[in-house]
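Hi,

Here is the structure I said I would pass on.

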Amino acid sequence: MVYNWKEFARSRLYPSICLLCGAEAEPAGLCLPCRLELPYNRHCCRHCALPLPLTDAGRLCGQCQRRPPPFHRAVIPLLYRAPIDYLVTRFKFDGGLHCGHLLASLLADALHSGVEDAPQLLIPVPLHRDRISQRGFNQALELTRPLARQFGLPVDCTTVVRTQATAAQSRLGKRQRQRNLRAAFGLDGPIKARHLALVDDVVTTGATAATLATLLLHGGAERVDLWALARTP
Ligand SMILES: [Zn+2]
Ligand SMILES: [Zn+2]
């Protein structure tokens, strides 16, 4: 038998067993029954992808009717609940990069079927350097890389910088949260394309994406899309 180290490394990195049930699976790491049972974000606001009741699917949510966020459109194919929360936690905190590979492939599937006009550049939501040294990687960048390869798009992970680590935002009021966020990011150089997509793992309130979109639009971008894996219901 010829020893193929590339295949060996790949099989170790991306085992062909289902990451959820242990059954045999395709290389991305999910068997078909588990894939079909995932909590897809099918009924959502067409602008910000907030989950909506079935009867309102494809409409605008109340917030987007009153004051739509500055990004052009959000593609967020999954809901942040079991088993996606489990996969994201393994990816972020246990260094489970094969979980990241699977999650990126789920996002890519949604983009293949749902994006007509592709952006010119991908920007992962930056992580503060302290957090990167704790975790060893930026999860948004790890999701962006495979998307960039699949769609043949460049990645810019230097222009938008996170200058402050934002503390746990959930305990703060809305105003304070917005102020913290605006102070947390900055631009280090000119924007390199007119049409960009921000890439993130989980979107909770959308405030981070809105802050970054505003920053990029003020910096000269004409359109900013949001691509994220999962949205909190
Ligand atoms: Zn399975
Ligand atoms: Zn909305």
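Ala49 sits in the loop that runs between α2 (32-36) and α3. Keep in mind that this is a predicted model. Ala49 isn't a glycine, yet its phi is positive, at about 65°. With a relative accessible area of 1%, Ala49 is also buried.

There are a couple of other backbone spots to look at. The peptide bond between Ala82 and Pro83 is cis, with omega near 0°, and Pro83 belongs to the loop between β2 (78-79) and α4. At the other end of that helix, α4 is followed by Gly95, which has a positive phi near 65°.

As for α4 itself (residues 84-93), its buried residues are Ile84, Leu87, Val88, Phe91 and Lys92. They span an arc of only 125° around the axis, so they lie on the same side of α4.

Lys92 makes a salt bridge with Asp201, with 3.1 Å between the closest N and O atoms. Lys92 is in helix α4 and Asp201 in strand β6, so this pair ties together parts 109 residues apart in sequence. Both partners, Lys92 and Asp201, are buried.

In the whole structure, a search turns up eight salt bridges. Two more that I'd point you to:

- Arg145 and Glu142 pair up at 2.9 Å, N to O. Both are in helix α7 (residues 139-151), three residues apart, or about one turn of the helix. Arg145 is partly exposed at 39% relative accessible area, and so is Glu142, at 21%.
- Arg223 bridges to Asp225, the closest N and O atoms being 3.0 Å apart. Arg223 counts as buried at 16% relative accessibility, and Asp225 is buried too, at 4%. Together with Asp117, these two residues form a network of salt bridges.

Now for the surface. Which residues gather in a patch of positive charge there? They are Arg66, Arg67, Lys174, Arg175, Arg179 and Arg182. Helix α8 (residues 174-184) gives the most to the patch, with four residues. Arg67 comes from the loop between α3 (62-66) and β1 (74-75), and counts as exposed at 63% relative accessibility.

Cheers

Conventions
Residues numbered from 1 in each chain as written. Chains lettered and ligands numbered in written order. Predicted model: local features only at pLDDT ≥ 70, side-chain atom pairs only at ≥ 80, totals over all residues. Heavy atoms only, no water. Patch = residues over 30% accessible without salt bridge, like charges linked within 9 Å, V, L, I, M, F, W, Y side chains within 5 Å. Areas by Shrake-Rupley, 256 points an atom, 1.4 Å probe, with all protein chains shown as cover. Salt bridge = Lys/Arg side-chain N within 4 Å of Asp/Glu carboxyl O. Lys, Arg positive; Asp, Glu negative; His and termini not counted. Charge placed at Lys NZ, Arg CZ, Asp CG, Glu CD. Helix = DSSP H or I, 4+ residues; strand = E, 2+ residues; numbered from the N terminus. Buried < 20%, exposed > 50% of the residue type's maximum accessible area, 1.4 Å probe, protein only. Arc of directions from axis to C-beta.
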